[in-house]
Protein chains: 4
Amino acid sequence: MCRWLAYSGSPVLLEDLLFKPENSLVMQSKHSRLGVEPINGDGFGVGWYGALETPGIYHSIEPAWNDRNLRELSAQASAGRVFAHIRATTGTAVQQTNCHPFRHDRWLWMHNGAIADFSSVKRDLTLAVDAALFPDIEGSTDSEIFFFLALTFGLQADPPSAVARAVALIEEVGRRHGVEQPIQMTVATTDGDTTWAFRYSSEGRSRSLFHSADISTLRLQYPDNDVLQELSDDARLVVSEPLGDLQGAWVEVPESTCLIVHAGQEELREFSPLLVSTPK
Amino acid sequence: MCRWLAYSGSPVLLEDLLFKPENSLVMQSKHSRLGVEPINGDGFGVGWYGALETPGIYHSIEPAWNDRNLRELSAQASAGRVFAHIRATTGTAVQQTNCHPFRHDRWLWMHNGAIADFSSVKRDLTLAVDAALFPDIEGSTDSEIFFFLALTFGLQADPPSAVARAVALIEEVGRRHGVEQPIQMTVATTDGDTTWAFRYSSEGRSRSLFHSADISTLRLQYPDNDVLQELSDDARLVVSEPLGDLQGAWVEVPESTCLIVHAGQEELREFSPLLVSTPK
Amino acid sequence: MCRWLAYSGSPVLLEDLLFKPENSLVMQSKHSRLGVEPINGDGFGVGWYGALETPGIYHSIEPAWNDRNLRELSAQASAGRVFAHIRATTGTAVQQTNCHPFRHDRWLWMHNGAIADFSSVKRDLTLAVDAALFPDIEGSTDSEIFFFLALTFGLQADPPSAVARAVALIEEVGRRHGVEQPIQMTVATTDGDTTWAFRYSSEGRSRSLFHSADISTLRLQYPDNDVLQELSDDARLVVSEPLGDLQGAWVEVPESTCLIVHAGQEELREFSPLLVSTPK
Amino acid sequence: MCRWLAYSGSPVLLEDLLFKPENSLVMQSKHSRLGVEPINGDGFGVGWYGALETPGIYHSIEPAWNDRNLRELSAQASAGRVFAHIRATTGTAVQQTNCHPFRHDRWLWMHNGAIADFSSVKRDLTLAVDAALFPDIEGSTDSEIFFFLALTFGLQADPPSAVARAVALIEEVGRRHGVEQPIQMTVATTDGDTTWAFRYSSEGRSRSLFHSADISTLRLQYPDNDVLQELSDDARLVVSEPLGDLQGAWVEVPESTCLIVHAGQEELREFSPLLVSTPK
């Protein structure tokens, strides 16, 4: 499986997110605490919103802990919206086009989990992707097909609904192929402004997901913590696993939930698949 | 575009094919004489039939001229059937899963040329691939989809017919999408025993293709040429461009031709697309 | 050999330097017009001064024309001082630690040319590097040893003198080993503020070197050229070969010259090796 | 640190050594049981003696568990002498020239451990390398310098003595620089015929080292074990850690020992550093 983080708030250096925390994402690439597998060494990706509308993407097939270019980039680039992902492949090739986050226009997408028995259902799911979007599929992962299904179902207009429809299709196609638990997922997506994160699995026992607690409260609680003093009030992290052991800093996102982070506010909504008769 | 070679004959060290000739394939990766583009630096691949039924594959995204592992492998491995390919991408990503030759069971496939306007026709062509084969598609190139179409149309039973049907489908789908000249190709495929090579293009002006002349005649003609003395009588090369300037050593394959090389014999057959109403 | 560019002026996006010009550095990586070798596909590097004192470095062993991360980085990062270099190896390994520009503290260094018969003189030159600096040598190139010699001779205090002493040592050691023309070079170095560029060779026929002409004059001359209108008055480029054909835009740097670019002013000084009895 | 294996015996497919055992070297790259660090993901190398005098080398900076070319090569190449190594860097760059085994003519060398405080002693040790060998140093590791010191002290004539001299020099130089425990090592070297393995550390608590027990005895003990039935009587493995849990199959090599494997016989000799006044 994989690990990821999604940051929004005042601009920070990427290295403050990726390298400096005690249990940073790069540290998790070698020694994940909560992952199914402690090592996430099958590629890395970061997407960041800099000066342009379109986010930058850095994808690498080296383990994150060895990548000097990542270290350099992280020391130079700062951004107010950052997605980062470390990959542990469930079988598909280790290549840049299979690294998360995936991008479409202004949108980023990343996924921890899997579409079960993907080789059985891949064809049917691929055919459900909008024909106009089809040529933009570049890699071979379940996660990218999932992204293109969500785009097909209107991700850019209504993310929770589009993801709910994509998940329903994945479950329906999976069950038609005899797969009992077709999907396991935490997903994050953003347009550079709002972040939507989803925790769901067909079996109801989903991968872990956390968001950071209110920074201003934490700041009062830990007056000597430099990191907290520097972050803006609206800074929020959504993560696969906490970046450190600070008491009260992390709030678990419940099962079957969509978390929406916007302007320093979190909103939690119940999430369930939404079956529609005909895609698009 | 790309360059390739297909060897059959007595076992030779790979380096005798890839590095030693005056205009070797590795030399062509930097300075192709007949290619559309002099540089073929977007990946490399070699497939060779060693002791096993299934050929070995070495795929690399480094330019061939820099790849030390290729040089080492070529100095150690010898084989009686060798396919090698240097890639100049027409747009798809440079990654190992996009390197030729592609493999399916005992079969290898490589292609120089392109399916025109591939992004427009990719979806229709992908859907025509047999559902059972679909999950084995690993990369994103036109060449691999072409291979899977040929497999769908019975490559393993009757290669000339399967390729003729695949080409017909590509032309039909292309024209339906307003593409005037849907395909440009030289293709080689083998089961490790017989080699089939095809030269064809919708416009009737195809990429160059040559096969080596009869070795025994050449040997008499050039008694001092060491390379020729060592090769077995049945040794044959099929190549995108000659590996050297030896007079009489290379015979051009005509337009719209299928060349079959087996047991040191060449057979030339006319090749034309074969339209069938329903795939498979 | 190699190709490089050094930019100073108002902050520009890296892609405006590396990708957009007609004969951009990335274009030169495939089709250099003035280089000894048209292809410079053996690695790439860019150093840029962003928000920090220390410049960022991006080194890659993929050909520049294929590197998606370079394209992404170049679209996001802007800087007022940029060094970029494409490599055509003269024999040493293609690895990130052999990519230019090399960095030491705030300083960058890049080189086109070669120390002749490097394997004969490498040991003596390596031993002349200051013992305190020695452990920081990471790669195996002549260019990096040259940098460390210049650092040993006081590059950070007086660049022209330090380079003159390093060149004198290289020539002296080379001649002691029977090398007739020990060095061929264009070199650029910077502390992020001033750029020093050197054109010199033992044989007096050095690789090409140019700097851009005064921008304000060019702007008057070409009122419709958008690129020129956007650049600040103090913007200057020093390059191995012109980035385009704009009449009057490029001034050749004479043989045996040190060019100093600072605050939009060029200064040309004669350059000759400076032999000192004992290093340091 | 690292993990390695050295095989000698009847020719076997590389995959039988690298992939098939329960605790194979590739498995150890992700989950080493006895290593200082469970992950050895910083490069991989294999050297094998095929048809030629000179062994082939495959070096990769991808983690071994992801490397498809390694899997292909291992399925095709068989050899009677194989060295394989997975690397966990102690700081130097992850690049092919830093991957073990290192090669010089017919000789291979690989090392688990470290020269302590290498950056302090690197210059003195590098200067002790024979001037004629110096240009062949390609990487930046302590292990390669150690190899070149052993070559300098006559590895090809008398391996135990050359290694003893090299170790003595490393300890002497280290202590001169205030290093208390200058070396930690298990080392293997071979000329393709005999294998010499060394277990030693300045502190007397060395990394683990094992050799396989007599195959014919094991075969009687485990009549149903297919692997054992196929190996020749003279087959021997020397390894950093056992490749499985077979009772009686592995014999620990004592501290401060040189193990010599030749023609199916093991010889154990005491090993201690051998100080000589002047190198060479």
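This is a predicted model: local features need pLDDT of at least 70, side-chain atom pairs count only at pLDDT 80 or more; totals for chains, interfaces and linings use all residues.

**Exercise 1. Describe how chain A and chain C touch: how many residues are in contact, and how much area is buried?**

Step 1: Start with the contacts. On chain A, 21 residues are in contact with 21 residues of chain C.

Step 2: Go on to the area. The two chains bury about 1,600 Å² between them, and 38% of it is on carbon and sulfur atoms. On the chain A side, A:Asn69, A:Glu72 and A:Gln76 lose the most area to chain C, together making up 37% of what that side buries.

Step 3: Look for charged and polar partners. The rule finds 4 salt bridges across this interface. In a salt bridge at 2.8 Å, N to O, the side chain of A:Glu138 meets that of C:Arg68. As for polar contacts, 10 residue pairs are counted between chain A and chain C.

Step 4: Ask which elements take part. Strand β3 (56-60) and α3 (68-76) of chain A each give two or more residues to the side touching chain C, and α3(A) gives the most, with 6 residues. By type, that side of chain A divides into 8 nonpolar, 8 polar and 5 charged residues.

**Exercise 2. Work out whether A:His59 is buried or exposed, and what its side chain reaches.**

Step 1: Find A:His59 in strand β3 of chain A.

Step 2: Check the accessible area. A:His59 has a relative accessible area of 12%, so A:His59 counts as buried, the cut-off being under 20%.

Step 3: Follow the side chain. The side chain of A:His59 reaches the backbone oxygen of A:Pro101 at 2.9 Å, and one of its polar atoms lies 3.2 Å from the backbone oxygen of A:Cys99.

Step 4: Look across to the other chain. Beyond its neighbours within four places in sequence, A:His59 has contacts that include A:Phe44, A:Gln96 and, over in chain C, C:Asn69.

**Exercise 3. Explain why strand β8 of chain C is largely enclosed, and find its partner strands.**

Step 1: Sort the side chains. C:Trp196, C:Phe198 and C:Tyr200 point one way, while C:Thr195, C:Ala197, C:Arg199 and C:Ser201 point the other.

Step 2: Find the partners. Antiparallel β7(C) is joined to β8(C) by 7 bridges, with C:Thr186 opposite C:Arg199. Strand β12(C), also antiparallel to β8(C), is joined to it by 5 bridges, and here C:Trp196 stands opposite C:Ile260.

Note on methods:
Residues are numbered from 1 along each chain as its sequence is written. Chains are lettered from A and ligands numbered from 1 in the order in which they are written. Side-chain values use heavy atoms; hydrogens and water are left out. Contact means heavy atoms within 4.5 Å. Buried area is the accessible area (1.4 Å probe) that two parts lose on being put together, summed over both. A polar contact is a pair of N or O atoms within 3.5 Å; within protein, one must be able to donate a hydrogen and the other to accept it, and residues adjacent in sequence count only if both atoms are side-chain atoms. Helices (H or I, at least four residues) and strands (E, at least two) are DSSP runs, numbered from the N terminus. Ala, Val, Leu, Ile, Met, Phe, Trp, Tyr, Cys and Pro count as nonpolar, Asp, Glu, Lys and Arg as charged, and the others, Gly among them, as polar. Buried means under 20% relative accessible area, exposed over 50%, partly exposed in between (1.4 Å probe, protein chains only). Two strands pair if DSSP finds at least two bridges between them.
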